[in-house]
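Colleague: I'm new to reading protein models, and I'd like to learn how to go from a single residue to the whole chain. Can you walk me through this one?

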Amino acid sequence: MEKKLFELAEQGDGTAAVYLDQFYYYTALGCILIQFSFDPEIIVLGGGVSEREDLARRIEEKVNDILCPGQNFSFLKPKLVRSRNNNRSNLRGALFALLQRVEEEKNEGISV
């Protein structure tokens with residue numbers, strides 16, 4: 001579904017472009033709220049959409065629009081990066097958690 005939205009917007013479909021713009025806006029707003037609430041050093045953008053090279057840049061543009069240009073809200077500006085593993089991040093995280101659990105249980109003498 002998301003690939004189709006990007007494709008349609010890139011082909012000049014006005015409705016798709018509006019929805020894509022809303023996607024970037026609400027994602028940027030969510031990142032600002034995460035930054036405000038938890039103050040992480042970075043926010044890693046993952047999932048299938050992170051395959052897009054321009055993802056972080058487009059969200060950062062919306063962050064800048066939201067944070068009132070000319071005002072000093074830099075403390076709310078999140079540092080955004082795309083995941084190196086893109087859509088496979090969840091699988092690698094699940095594997096890491098499983099291997100960690102196996103190691104813990106091995107150390108406790110429990111067989112998995």
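Modeller: Helices (H or I, at least four residues) and strands (E, at least two) are DSSP runs, numbered from the N terminus. This is a predicted model, where local features need pLDDT of at least 70 and side-chain atom pairs count only at pLDDT 80 or more, while totals for chains, interfaces and linings use all residues. Residues are numbered from 1 along each chain as its sequence is written, and side-chain values use heavy atoms, with hydrogens and water left out.

Colleague: Is Ser83 buried or exposed?

Modeller: Buried means under 20% relative accessible area, exposed over 50%, and partly exposed in between (1.4 Å probe, protein chains only). Ser83 has 9% relative accessibility, so Ser83 counts as buried.

Colleague: Which residues is Ser83 in contact with?

Modeller: Contact means heavy atoms within 4.5 Å. Leaving aside neighbours within four places in sequence, Ser83 is in contact with Val44, Leu45, Gly46 and Ser89. Also, a polar atom of the Ser83 side chain lies 3.1 Å from the backbone nitrogen of Asn85.

Colleague: Now a helix. What should I look for?

Modeller: An α-helix has 3.6 residues a turn, so residues three or four places apart point the same way. Take α2 (residues 14–38): in this helix Ala16, Leu20, Tyr24, Ala28, Cys31, Ile32 and Gln35 are buried. After α2 comes Asp39, with a positive phi near 50 degrees.

Colleague: And what about the nonpolar core?

Modeller: In soluble globular proteins, nonpolar side chains tend to be buried together. A nonpolar core is a set of buried Ala, Val, Leu, Ile, Met, Phe, Trp, Tyr and Cys residues joined through side-chain atoms within 4.5 Å. Here the largest one has 18 residues, and those with the most contacts inside it are Tyr24, Leu45, Leu55, Ile59, Val63 and Leu80. Its largest share, six residues, comes from α2. Not counting residues up to four places away in sequence, Tyr24 touches Phe6, Arg52, Asp54, Leu55, Arg58, Ile59 and Lys62.

Colleague: How many helices and strands does the chain have?

Modeller: Four helices and two strands, in the order α-α-β-α-β-α along the sequence. For overall shape, the C-alpha atoms fill a box of roughly 60 × 35 × 15 Å, taken along the principal axes. Buried residues make up 23% of the 112 residues in the chain.

Methods. A polar contact is a pair of N or O atoms within 3.5 Å; within protein, one must be able to donate a hydrogen and the other to accept it, and residues adjacent in sequence count only if both atoms are side-chain atoms.
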